[in-house]
Amino acid sequence: MSEFWLISAPGDKANLMAWERMNTVTHKANLSNNSKFIIPDLKVGTLDALVGLSDELGKLDTFAESVIKKIAQYIGDVLEDSKDKVQENLLASGVDLLSYLTRFEWDMAKYPIKQPLKNISEVLAKQITQIETDLKTRAAVYNNIKGNLLNLERKTAGNLLTRTLTDIVNKEDFVLNSEYLITLLVVVPKSSFVQWQKTYESLSDMVVPRSTKMIAEDGEGGLFTVTLFRKVMEDFKAKARENKFIVREFYFDEKELKCEREEMMKLASDKKQQYGPLLRWLKVNFSEAFVAWIHIKALRVFTESVLRYGLPVNFQTMLLQPSKKSAKRLRDVLNAVFKHLDEVAAASIMDASMDIPGLQLSNQEYYPYVYFKIDLSLLDCS
């Protein structure tokens, strides 16, 4: 399962026994894999400030989650045909996400704990916002190159009636710079090759004998050249159409064809040059954003735990990974083990008229312990 539950409960002696009981039951029944999630001693500040911070952290949590999801999805877009390799590119601090979560350590260098919680929150918000801004800029550049190249490549797809002829025709296939003569390109159905060879010279007057040559063929037909006098061109087109031979509207322009070929080569080269640095940037900044997101989760647990359990700060945090199809049973065990906390919480802070931080009331559910979900399935881009 790629879902994790981050929970906290008071750390006094009575509750340490509850923790032990919870660990024993979940381990024996194989309900979850549990690991300690250590949050350092952060500066509490005032309770009023904590209430305000609680709301801000909720919004920041959602924002950070959306950014890491965007990066993960874009890594899949960039990898194109190698989407099965997305997960191996999603690392946090050089390790897989499960290892990072289960061995979480607060980054003291990036987020010094001596500063107020609001300052740490603002640093995290600034970091995530900058990553999102950079992602938009880099993605726009790469998508533009990729889109233009795709449009040119699409022109080389399709049948001979619709596809570009840039990579097919050569100067030698045409009579050029003639005042009287012109070479046309005609798409002939496969079943009509013999008919074309027998009749093309007689479709109109002034067709140059033995001037046809097939220069390309696909599953549906062939592309033939034919040279004739300019003044009979419209008559030839009409007669050809009556016989289900389609004249392509194409006039050989060496400069234009050269430009189109060079543009495709340049776009392909630009895409190749952008690919490596972009993928490296995505991997580095996915890691940065993910690490920041988990620190936001830690801040939320800390804030809600202080609001729920009061001062002095004394609570334990645990990361649970529910076993497959065991979520409901695990929830029942947790509710039973920590049921005694409900009376304390209800008496001290629960008020039906208030939206109280720390009480998870989504879907009308309330848990006697602090609870946050970390859902890694949102990073599944396969």
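Colleague: What should I know about the model before reading values from it, and from which number are residues counted along each chain?
Modeller: This is a predicted model, in which local features need pLDDT of at least 70 and side-chain atom pairs count only at pLDDT 80 or more, while totals for chains, interfaces and linings use all residues. Side-chain values use heavy atoms, with hydrogens and water left out, and residues are numbered along each chain, as its sequence is written, from 1.

Colleague: Which residues of helix 7 are buried, and why do they lie on the same side of the helix?
Modeller: Helices (H or I, at least four residues) and strands (E, at least two) are DSSP runs numbered from the N terminus, and buried means under 20% relative accessible area, exposed over 50% and partly exposed in between, with a 1.4 Å probe and protein chains only. In helix 7, which spans residues 233-242, the buried residues are Met233, Phe236, Lys237 and Ala240. They are on the same side because the arc they cover around the axis, taken from the directions from the helix axis to the C-beta atoms, is only 100°.

Colleague: Which residues are exposed on the other side of helix 7, and against which elements do its buried residues pack?
Modeller: On the other side of helix 7, the exposed residues are Glu234 and Glu242. The buried residues of helix 7 pack, with contact meaning heavy atoms within 4.5 Å, against strand 5 (181-189), helix 6 (193-199), strand 7 (221-229) and strand 8 (246-248).

Colleague: Is His295 buried or exposed, and how far is a polar atom of its side chain from the backbone nitrogen of Asp107?
Modeller: His295 belongs to helix 8, residues 254-309, and it counts as buried because its relative accessibility is 0%. Leaving aside neighbours within four places in sequence, residues in contact with His295 include Tyr100, Phe104, Trp106 and Asp107. A polar contact is a pair of N or O atoms within 3.5 Å, where within protein one must be able to donate a hydrogen and the other to accept it, and residues adjacent in sequence count only if both atoms are side-chain atoms; here the distance from the backbone nitrogen of Asp107 to the side-chain polar atom of His295 is 3.0 Å.

Colleague: How many aromatic pairs does a search of the whole structure find, and why is the pair of Phe37 and Phe104 called stacked?
Modeller: Rings of Phe, Tyr and Trp (its six-membered ring) pair if their centres lie within 6.5 Å, and planes under 30 degrees apart count as stacked, over 60 as edge-to-face and the rest as tilted. The search of the whole structure finds 19 aromatic pairs. The rings of Phe37 and Phe104 have centres 4.4 Å apart, and the pair is stacked because the planes are at 0°.

Colleague: How many residues apart are Phe37 and Phe104?
Modeller: Both Phe37 and Phe104 are buried. Phe37 lies in the loop between strand 2 (32-36) and helix 2 (47-79), whereas Phe104 lies in the loop between helix 4 (97-102) and helix 5 (117-155), so that the pair links distant parts of the chain, 67 residues apart.

Colleague: Which residue in strand 7 stands opposite Met214?
Modeller: Two strands pair if DSSP finds at least two bridges between them, and four bridges join strand 6 (residues 213-217) to strand 7, the two running antiparallel. Strand 6 and strand 7 form a hairpin with three residues between them, and the residue opposite Met214 is Phe224.
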